[in-house]
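Open the model in your viewer and keep the selection tool at hand. We will go from one stop to the next, and at each stop you will hear what to select and what is there.

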Amino acid sequence: MPVKPWPAPALIDGAMGTELERRGARMDAPLWSAHALVEAPAVVRQVHLDYLRAGAQVITTNTFRTHARNLAAGGRAHEAAALTRLAVSLAREAREQWAGEDPEAAATARIAGSMSPLEDCFRPADSPGSRAGPEHRAMAETLAAAGCDLLLVETMGRVDEAAAAVQAGQGLGLPVWLAVVCRADGRLLAGESLDELVAGLRGLAVQALLVNCTELTFLPAAIPALVAAAGARDMLLGTYPHTGHAAPGRFVTHAVTAAAFASEVAAIARSAGLHLVGSCCGSTPAWTEALGQELYRETGEREAARARLAAAVPRRG
């Protein structure tokens, strides 16, 4: 069954980690993007604001590396809740500042609380799988209490941890979105199909299902598989791929220009009837702006997309 399309999809922001690094923030193991919360919170806030100015309707908290397991490697496990709350506050402050510039757009902007895999997102074999539930629950509860509008379980590479994280987000009064990484054949990194993923989510409330941090060239396989797997389930569908390409012995961060990326992603979104579109690693606010220009060609489309998003995801405070 084809997706019931929105006239134009809502626009998710772009990368946080690589954008912080581009702006000079420290970005090394084991804390990665969490360093900026300790050392450069103003830069984090500015990244959020710049994405809003570029047209993003959803901004994502800098919490990809604030779960206690990751912070423990840097001796900061006891700061997990505090850093997560700080990350949400910075996103909310950016939205408040944006309200002074564009009240209408700010009123419909939503904040997604990022929940990442507990281990390296590109090594699904290292995942604790279904045993990850309690750790994800701690993150979900902290994000919800801090004032996110939705929970974004993202960059998942295998079904069991994805389902455990989604389960952890249940009952907190927030919509839960799930984004997974796909291979060239349209399957998850661990080799499972998107049909298996949807089956693994049976009985769980999932408002949106997306493909993220995936090569642009993989989307022609991944997006039809996503649409087919979702079937008649009442879910929003979307994608926010990264900007790179794996080459022999190296990784090319920007395999295409922002304009070419935007044109291709927008074409895929229109063809599949996607509801949510953005960009991932390597992108900047300029990429978000380019996507908006491609997605909203007709008068009123951008405003209509904002209104539909606002109706689907109530704002908290």
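**First stop: a helix pair**

Select helix α11, residues 258–272, together with helix α12, residues 285–295: the two pack at an angle of about 45°, with their axes 8 Å apart. That angle makes α11 oblique to α12. As you turn the view, note that α11 passes α12 in a right-handed crossing. Keep in mind on this tour that you are looking at a predicted model.

Now show the side chains. On the α11 side, pick A258, F261, A262, S263, V265, A266 and R270; they meet W287, A290, L291, E294 and L295 in α12. Coloured by class, this contact of α11 with α12 shows 9 nonpolar residues, 1 polar residue and 2 charged ones.

**Second stop: the sheet**

Hide the helices for a moment and select the strands. In what order do the strands of the open sheet run? Follow the 8 strands across as β1-β10-β7-β6-β5-β4-β3-β2, with parallel pairing. At the edges you will find β1 (10–11) and β2 (58–60); each has a single partner strand, so one side of each is left without a neighbour in the sheet. Strands of a sheet pair through backbone hydrogen bonds, either parallel or antiparallel.

Bring the helices back and select α5 (residues 80–99) with α7 (residues 133–146). They pack at an angle of about 40°, their axes 9 Å apart. The two helices are therefore oblique to each other, and α5 passes α7 in a right-handed crossing. From α5, the contact is made by A81, T84, R85, V88 and R92, and from α7 by M139, T142, L143 and A146. By class, this contact of α5 with α7 has 5 nonpolar, 2 polar and 2 charged residues.

Is their crossing left-handed or right-handed? The crossing of α7 and α8 is right-handed. To see who takes part, show G133, H136, R137 and A140 of α7 with E161, A164, A165 and A168 of α8. The residues of this contact of α7 with α8 divide into 4 nonpolar, 2 polar and 2 charged.

The structure holds 19 salt bridges. To visit one of them, select D50 and R23, whose side chains meet at 2.8 Å, N to O. This pair links distant parts of the chain: D50 is in helix α3 (residues 41–53), while R23 is in the loop between α1 (17–22) and α2 (35–39), 27 residues apart.

Most residues other than glycine have a negative phi, and most peptide bonds are trans. Which two residues does a cis peptide bond join? Select A29 and P30: a cis peptide bond joins them, with omega about 5°. P30 is found in the loop between α1 and α2.

Then move to W32, which also has its place in the loop between α1 and α2. W32 has a positive phi of about 50°, although it is not a glycine.

Definitions and conventions:
Residues are numbered from 1 along each chain as its sequence is written. This is a predicted model: local features need pLDDT of at least 70, side-chain atom pairs count only at pLDDT 80 or more; totals for chains, interfaces and linings use all residues. Side-chain values use heavy atoms; hydrogens and water are left out. Two strands pair if DSSP finds at least two bridges between them. Helices (H or I, at least four residues) and strands (E, at least two) are DSSP runs, numbered from the N terminus. Axes are lines fitted to C-alpha atoms, for helices over the stretch in contact, and angles run from 0 to 180 degrees between N-to-C directions. Angles under 35 degrees count as roughly parallel, over 145 as roughly antiparallel, 65 to 115 as roughly perpendicular and the rest as oblique. A crossing is left-handed if the near helix is turned anticlockwise from the far one by less than a right angle, and right-handed if clockwise. Contact means heavy atoms within 4.5 Å. Ala, Val, Leu, Ile, Met, Phe, Trp, Tyr, Cys and Pro count as nonpolar, Asp, Glu, Lys and Arg as charged, and the others, Gly among them, as polar. A salt bridge is a side-chain nitrogen of Lys or Arg within 4 Å of a carboxyl oxygen of Asp or Glu.
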